Structures are given as C-alpha cells and as structure tokens.
Amino acid sequence: MSQKKVKLLKKQILKKMDKKTTKVKAAKAVIVAKKSLKPVAGKAKGKIRPQVEEEILMQPPRGMRDLLPGDQPYWDQLRRVVSRMALEYGFQRIDTPAVEYANLFIRSIGGGTDIVDKEMYIFNSKGGDKLSLRPELTAGIVRAYIQHGMNVLSKPVKLFSIGPVYRYDRPQEGRYREHFQANFDAFGEQDPILDAQLIQLAHRVVTSLGIKNVQFQINSLGCPKCRKEYQELLVAYFESKKQKLCLNCKRRLETNPLRILDCKEDKCIQVAELAPQSVDRLCPDCRVHFKNILEYLDELDLPYVINPRLVRGLSYYSKTVFEIWSNDEDGKKHSLGGGGRYDYLVEQLGGEHTPAIGFGLGLDRLVAEMKRVHAKSYTGPKPKVFLAQLGDLAKKKSLRIFAELQKNGILVAESFGRGSLKSQLRVADRVGVEITLIIGQKEALDETVIIKDMTSGTQETVTNEKLVNAVKKILKNNVVISHSDELKIKEDGE
RNA sequence: GCGAGCAUCGUCUAACGGUUAAGACAUCGGUUUGUGGUACCGAGAAUCAGGGUUCAAUUCCCUGUGCCCGCCCCA
C-alpha cells in the first residue's frame, strides 16, 4: 500500500470520527437503556421479571454493588494490611473458586442453619451438577487442603484467602449479597495458643486499620462429647419452657437448639438467660482449653467478654467461637468478623482428623468502619510529570516519549485526546504535577522537549536524549517533598 | 421472609395543581486558535414505570419497580 493510500484511509477515518457520531450514539444508548429498564420492571408481574434480550438494566442485581475508584484507597490499604499481617503470622495465600458443589457447603455449614436453608445461591450447571456460589470461604479452603494433601506439610498449615462470598439475603447497611471476606485458617494444631494467636491476629488487623474501639466476644461450645450432653440438657430445659419461646425458636428446638440462645426476641432472651451455659458443662479437656485461651488473652491485654450465648451461624464449630465487634460514637455495635475452632470438619469432609481454627473478616464492614473513624487510606504514587503535545507530528512522537519516560521509572500523566495546549495544561494543573513536558510542531522537528516548571512557570528546552536525565534531576531537587511523602506511605502500611 | 421511609440532570438541591422543570457542584468547549490554578461566556444533562383524579400532574391517589433503613440472620 502506498503512503498516499494510507493517508487517504486515515483521512476518511478521521473524518468519520469527527462527526461525533460515537458520542451521540453512546448517549442515546444510555437513555434507551435507562428508560427501558423501567417499563420492563413495571410490566413485571410477580417476582419473575421477563428478560427481553435487548434490554440492559443499568444497575447491578440486588445486593451487588460497584466498588468505585473513590473507595479503592481504602480497599488498597485493607489489602495491604491483611497481606502484611498474613506474612507476619506465617499465613500463605490460597484462592479457591467462587463456585463449588453445593453439597460441600451443605455438609460443612450444616442444615438447619440460615445460610444453608435460605441464603445459598444454588443453581444447576448445564451438565446437571448442583453448584453454589460460596457463602463463606472456609469450606472451599478445607476442600483444597484435603484434595491437595496439605496434611503432609509441616503443621500448623496456615492459609489465608481474600475474595467475594455470596448470600441471598435482604440488603441493608453493611450487608450485601456479594461481599468480601478475608479468611485465616490454621490446620493441624490443637494447642489453645493457636486460638489466642488468631484472636491476636484479628485484633492486629483491625487496629492496624485505625479501628480502635473493638471488643471480642468469646465462648466455648465444647467438643462433640460434652456438647452432646450439654445440648440434651439444653433441649430438656427449653422443652420445659417451650410455650414461652417465639415461633422460630420452637422450630429451632428440633433443628438447631443452640441458636435459641442467640435469639433476639425479648421472651426468648428471658428464657435463655436462665438456660444452662455451655461453659459450665465443658468436659475437663475443653474446660482447660478454654481457660488457657482466656489466660493468654489476659496476658495480651486483649479486650474481650465471655458471651455464654454466642453460638454462631455455622454448625461446624467446636470449642472456641469468637466474634469481633466495634463500637461507634453512638454506642452502636458493628460485627466485623468472627470465627472459631472446627476440629472435626476436616475429617467430616473426608480428610484425616485435623484440629483447625479460623476466622473471617467482613471487608465491606471494615471499609465502612475505616471511613467512620477517618482511618488512613492508601493512595499509590502520583505522577509528577505531565506530557502535553501540540500538532500532528508531536502527537505521533508523544507515545514513544511517554513510554520512554515510564520505562525509566518516571510516572507520567497525559491527556493526549485533547487538542489545545491550554486544556492540557489545565488538566496538568488538576493532576498536580511538578513539571509539564511540552512537544509542539517545532520541538518535534528539532527532537527537543520543553520542560516547564509548574510552580515557577519557567521553562527550558532540552534534547530528547537528555530528557530523561533532566527530568530526573529536577524531580530529585524537589526531593524534600517527595521523600517525606514516601515515608508517609510506609507508615500508612503499618 | 416481615415492617417502615424515600424516588427530579452524573451529584446535591428547587419548583401554591398551570415554569421553556430552576440553581449549585462536576463534565466538556470557548474568551483571536503555542502556555495552567482565578474570572467571564456557552453546551450537554433529569421528573422511575403504568394507570387514575383534573381543563391541567414533578406535585394528589392506586399499582408495580427500585433504593434505603430496621427485624430475622450474618460478615
């Protein structure tokens, strides 16, 4: 193809682009989508919404949300702290699928729990498999632990994971159908010091984020032996008071009697207050285990209260269970996470007997809490250089110079799509760069670049070869500011 | 699953039942086209949907939908 032909083609394309057709179409499309989503919803009868192929609902499904750029500094900070703490405590990262066979969750979390009975996203694959979006992280991690024979690794095997989990529930403040959790699990160690260490870890993660006003609630459910005895005692007690319980709890008496302790209905609370407590019915082993943990926590000065009615919504727990709560200035409490021992889950899912303990943190809630207490967020390095171009020739050269600077570790901002130098400088100003590089027609021909100091307004012209060094030198001279900036970032990570 | 509240430009707000549906912030463009923060000018951008009452509905009523909050439960 001749150069003329190429140029002609380019001209035609440019001409087309010039008509702003894309912009207009895009705008119209949005409106169409916006308008159409309402009628579709409006015509819907009942719960099943007819999905017309062309319709695009301009919103995510219920309970799902976008994490917008403005919030990302908090999430970044959160991920940094979690990764840092995981490293300190010897946890290695594992990622498991968001989708597993539904039975994995049903068997681990247990029937009779709300999670399994009404909050699971269960669906059939095209192949006919019954699958589910994970409602929590531990089950998948245990599955992976067994499947990959991690029992041969030196104990304890410590794994952490971060990812989305899904629960079909009515959304409200701090509760989403898709939310993110960080999960820490330690396998193969039954010593109570692990329990205490994980609670310490949870505490350090939360406080490192700047969330200060936290408290743990802790309880022991006992091992299967003493738990069974206790449960029988409990059922006997509640049977005698059955008529005073709420409807839900009457049902729980059959399905999940422990949860009656956790009921928020006034009448049930009254009954539950006088109920036998699991901590009083622990077998000698479990009693010592629990006592040891409390001693460790006292030694660590961790703020905790024993809550004999703490049960938790997953039935695989044994012995230790705990939750982390924060208080806001109005005295309102927010649950940030929780966990406990599950010494029998691994064998229950087909592995060898492996004592284990873990906990999860609700990241969406941690972010909300960080905002509430105005905690530090992490913003990455900002560009201190802006590259402006003027004219066709300069424009063509700009991408190469841009990449050249980036390769040399100089972060460069730009707004190549803009035509006038004025508008580009305006953007440069908004970005807050220290210097702006300007390539015009003249500079492009001369193989030079204008360096403009944005604070003083002075400019100098350098050749392309000297550009990188010249920029580096200027930035270095301004090091007083940038150096302290970097220190700040490092402190943020603590 | 149950209950309450809310619904206007991207965001925040305004409009006795009668307005070309207003303003601010943000966005984009411009102020003689090669120089930024301010200022000035301009542009685009909304009444959730359907039905009813009415001469007239953003406004009143009903239904639906959505959002949000609380309960249950959880993170």
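Predicted model: local features only at pLDDT ≥ 70, side-chain atom pairs only at ≥ 80, totals over all residues.
I'll start with the overall division. Chain A falls into domain 1 (1-59), domain 2 (69-223 + 283-372) and domain 3 (385-493). The centres of domain 2 and domain 3, taken over C-alpha atoms, are separated by 47 Å.

Now the sheets. The one with 8 strands is open, and its order is β1-β5-β6-β11-β10-β9-β7-β8. Its pairing is mixed. Which strands stand at the edges? They are β1 (92-93) and β8 (304-306), and each of them pairs on one side only.

Further inside the order, strand β10 (residues 333-341) pairs with strand β11 (residues 356-362). That pairing is antiparallel and runs over 5 bridges. If you want a place to look on the screen, take arginine 341, which stands opposite isoleucine 357 in β11.

Two helices on this sheet deserve a mention. Helix α13 (residues 363-372) packs on the sheet and touches β6, β9, β10 and β11. The direction of α13 makes about 50 degrees with that of β11. Then there is α7, which lies across β6 (178-187), β7 (214-220), β9 (318-327), β10 and β11. Helix α7 runs at about 15 degrees to β11.

Lysine 155 and proline 156 are joined by a cis peptide bond, with omega at about -5 degrees. Where is proline 156 found? In the loop between α6 and β5 (157-166). The other detail is arginine 312, which has a positive phi of about 75 degrees although it is not a glycine. Arginine 312 sits in the loop between β8 and β9.

Back to α7 and its helix partners. A pair of packed helices is described by the angle between the axes and the distance between them. For helix α3 (residues 72-88) and helix α7 (residues 192-208), the axes come within 10 Å and cross at roughly 150 degrees. An angle over 145 degrees counts as roughly antiparallel, so α3 is roughly antiparallel to α7. The crossing of these two is right-handed. On the α3 side the contact is made by Val81, Val82 and Met85. On the α7 side it is made by Leu201, Arg204, Val205 and Ser208. By class, the residues of the α3 contact with α7 are 5 nonpolar, 1 polar and 1 charged.

The other partner is helix α11 (residues 284-300). Helices α7 and α11 pack at an angle of about 40 degrees, and their axes are 8 Å apart. That angle makes α7 oblique to α11. The crossing of α7 and α11 is right-handed. Which residues meet here? From α7 they are Pro192, Ile193, Asp195, Ala196, Ile199 and Gln200. From α11 they are His289, Asn292, Ile293, Tyr296, Leu297 and Leu300. The residues of the α7 contact with α11 divide into 8 nonpolar, 3 polar and 1 charged.

Next, the sheet of 3 strands. This one is open too, in the order β2-β4-β3, and its pairing is antiparallel. The edges are β2 (99-101) and β3 (121-124). Each edge strand has a single partner, so one side of each is left without a neighbour in the sheet. Direction ignored, neighbouring strands here are turned by 35 degrees against each other on average.

Within that sheet, β3 pairs with strand β4 (residues 130-133) over 4 bridges, in the antiparallel sense. Isoleucine 122 has serine 132 of β4 as its bridge partner, and asparagine 124 has lysine 130 of β4. The hairpin of β3 and β4 has 5 residues between the strands. In that hairpin, glycine 128 takes a positive phi near 95 degrees.

Helix α4 (residues 102-109) lies across β2, β3 and β4, and runs at about 75 degrees to β2. Helix α4 also meets helix α6 (residues 138-147): the axes come within 9 Å and cross at roughly 105 degrees. That makes α4 roughly perpendicular to α6. Leu104, Phe105, Ser108 and Ile109 of α4 make the contact with Ala139, Val142 and Arg143 of α6. The residues of the contact of α4 with α6 are 5 nonpolar, 1 polar and 1 charged.

That is the end of the tour. Questions are welcome.

Technical notes: Residues numbered from 1 in each chain as written. Chains lettered and ligands numbered in written order. Pairing = 2+ DSSP bridges. Axes fitted to C-alpha atoms, helices over the stretch in contact; angles between N-to-C directions. Contact = placed C-beta atoms within 7 Å. Parallel < 35°, antiparallel > 145°, perpendicular 65-115°, else oblique. Left-handed = near helix turned anticlockwise from the far one by under 90°. Nonpolar A, V, L, I, M, F, W, Y, C, P; charged D, E, K, R; others polar. Domains from an automatic or database assignment.
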